[in-house]
Amino acid sequence: MLEVRNLTKVYGALTAVDGVSFVARPGEILGYLGPNGSGKTTTVGMVTGLLKPTSGEVLFEGKDIQEDLRAYKLRLGYVPEEPALYPYLTGREYLELVARLRHISEGRLGEKIPRLLELLSLPDSFATIAAYSKGMKQKVLVAAAILHNPDVLILDEPFSGLDVESAMVLREVITDLARDGKTILFSSHLLEVVEKVCARVLILSKGRVVAEDTVERLCELQKQPKLERVFSELTAQTDPVTTANKILTVVKSGG
Ligand SMILES: Nc1ncnc2c1ncn2[C@@H]1O[C@H](COP(=O)(O)OP(=O)(O)OP(=O)(O)O)[C@@H](O)[C@H]1O
Ligand SMILES: [Mg+2]
């Protein structure tokens, strides 16, 4: 079980994450939602142990992750929002590097990596990641995150740039991993996917949790048919048509 207690991150005058608490249980995909700038990636940074909280704590299986960050990271898989890859390695070289850091034996990585490259339609050639398309880079990130069959999976916009088929495959993979008892935190703007895969969702607004429940209960409570509408209400989003019209007025104004 992954438990976040009163997690806070302050940048100067801005409190990016403000007293966030939640529990993600094994076998469950917890949706972590919020508008741009609401604090999702900042939370993810702290939950992965890459970013130090200003206050609050993250516990895995009841133990503060800071006590043994190395051990925690070996059980963690993470798809970051920004693809932080080594561009001059090939996909295979990058995955081999990650596999070794994950203590996967040479024999096993020799079997796993070519299979994963093939299943993800990634080239197993001399092409370096610098020459990969956006979606191909994303697939490498996903493969690197799940390669060691981690117990905790933290996904920050994992579908970014994936084509329709790859997105469907990834959806199946994460659903199955949850079924296997993995703990999954899934941050995304793709509410249609979230609705389908998440047992519970948590909605952030300006660094604070404004709702946490199952999708059905949230829709019921807000008397709305779709998560999208619940999200707009809870995060006080402006009417998109009005905003679009205002933007077009600005763009079209003057000579
Ligand atoms: N290193 C930093 N220094 C200063 N402010 C930061 C830093 N990182 C994030 N912030 C601020 O913290 C707030 C939350 O940012 P964060 O990246 O967590 O949002 P997000 O919910 O992931 O947004 P998005 O949906 O756009 O990915 C923003 O106002 C952002 O400008
Ligand atoms: Mg983000």
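His103 counts as exposed because its relative accessibility is 55%; the classes used here are buried for under 20% relative accessible area, exposed for over 50%, and partly exposed in between, with a 1.4 Å probe and protein chains only. The model is predicted, so local features need pLDDT of at least 70 and side-chain atom pairs count only at pLDDT 80 or more, while totals for chains, interfaces and linings use all residues. Residues are numbered from 1 along each chain as its sequence is written, chains are lettered from A and ligands numbered from 1 in the order in which they are written, and side-chain values use heavy atoms, with hydrogens and water left out.

His103 sits in the loop between α3 and α4 (106-119). Helices (H or I, at least four residues) and strands (E, at least two) are DSSP runs, numbered from the N terminus. The phi of His103 is near 60 degrees, a positive value in a residue other than glycine. Lys206 also has a positive phi, of about 50 degrees, although it is not a glycine. Lys206 belongs to the loop between β9 (200-205) and β10, and is exposed, with a relative accessible area of 73%.

Helix α3 covers residues 91-101 and contains Leu97. With 33% relative accessibility, Leu97 counts as partly exposed. Together with Tyr86 and Leu101, Leu97 forms a nonpolar patch on the surface, with about 320 Å² of accessible area for the three together. Patches are made of residues with over 30% relative accessible area and no salt bridge, where like charges are joined within 9 Å and nonpolar side chains (Val, Leu, Ile, Met, Phe, Trp, Tyr) within 5 Å. Accessible areas come from the Shrake-Rupley method with a 1.4 Å probe, and for residues only the protein chains shown count as cover.

Which residues lie nearest the centre of the largest pocket? They are Tyr78, Tyr94, Val98, Leu101 and Arg102, out of 19 lining residues. Two or more lining residues come from each of α2 (69-74), β6 (76-79), α3 and α5 (134-146). The largest share, 4 residues, comes from α3. The volume of the largest pocket is about 640 Å³. By class, its lining has 14 nonpolar, 2 polar and 3 charged residues; Ala, Val, Leu, Ile, Met, Phe, Trp, Tyr, Cys and Pro count as nonpolar, Asp, Glu, Lys and Arg as charged, and the others, Gly among them, as polar. On a 1 Å grid over the protein atoms alone, a pocket is an open set of points with protein on both sides within 12 Å along at least five of seven lines, and lining residues have an atom within 4 Å of a point. Grid points are joined across faces, edges and corners, and a volume is the space filled by probe spheres set on the points.

Salt bridges come next. A salt bridge is a side-chain nitrogen of Lys or Arg within 4 Å of a carboxyl oxygen of Asp or Glu, and by this rule the count comes to 16. In one of them, Asp18 pairs with Arg208, the closest N and O atoms being 3.0 Å apart. This pair links distant parts of the chain, with Asp18 in strand β2 (residues 14-24) and Arg208 in strand β10 (residues 208-213), 190 residues apart. Asp18 is partly exposed, at 24% relative accessibility.

Arg75 forms a salt bridge with Asp151, and here the closest N and O atoms are 2.9 Å apart. The two are 76 residues apart, Arg75 in the loop between α2 and β6 and Asp151 in the loop between α5 and β7 (152-156). Arg75 is partly exposed, with a relative accessible area of 29%, and Asp151 is partly exposed at 27%.

Glu96 and Arg92 are separated by about one helical turn because they are 4 residues apart in helix α3. Glu96 is buried, with a relative accessible area of 17%, whereas Arg92 is partly exposed, at 28%. Salt bridges that share partners also join Arg25, Glu28, Arg200 and Glu212 into one network.

Two loop residues remain. Thr90 is in the loop between β6 and α3 and counts as buried, at 8% relative accessibility. His148 is in the loop between α5 and β7 and is buried, with a relative accessible area of 14%.

Terms used. 1 Å grid on protein atoms, 1.4 Å probe; cavity = no way out; pocket = protein on both sides within 12 Å on 5 of 7 lines; lining within 4 Å.
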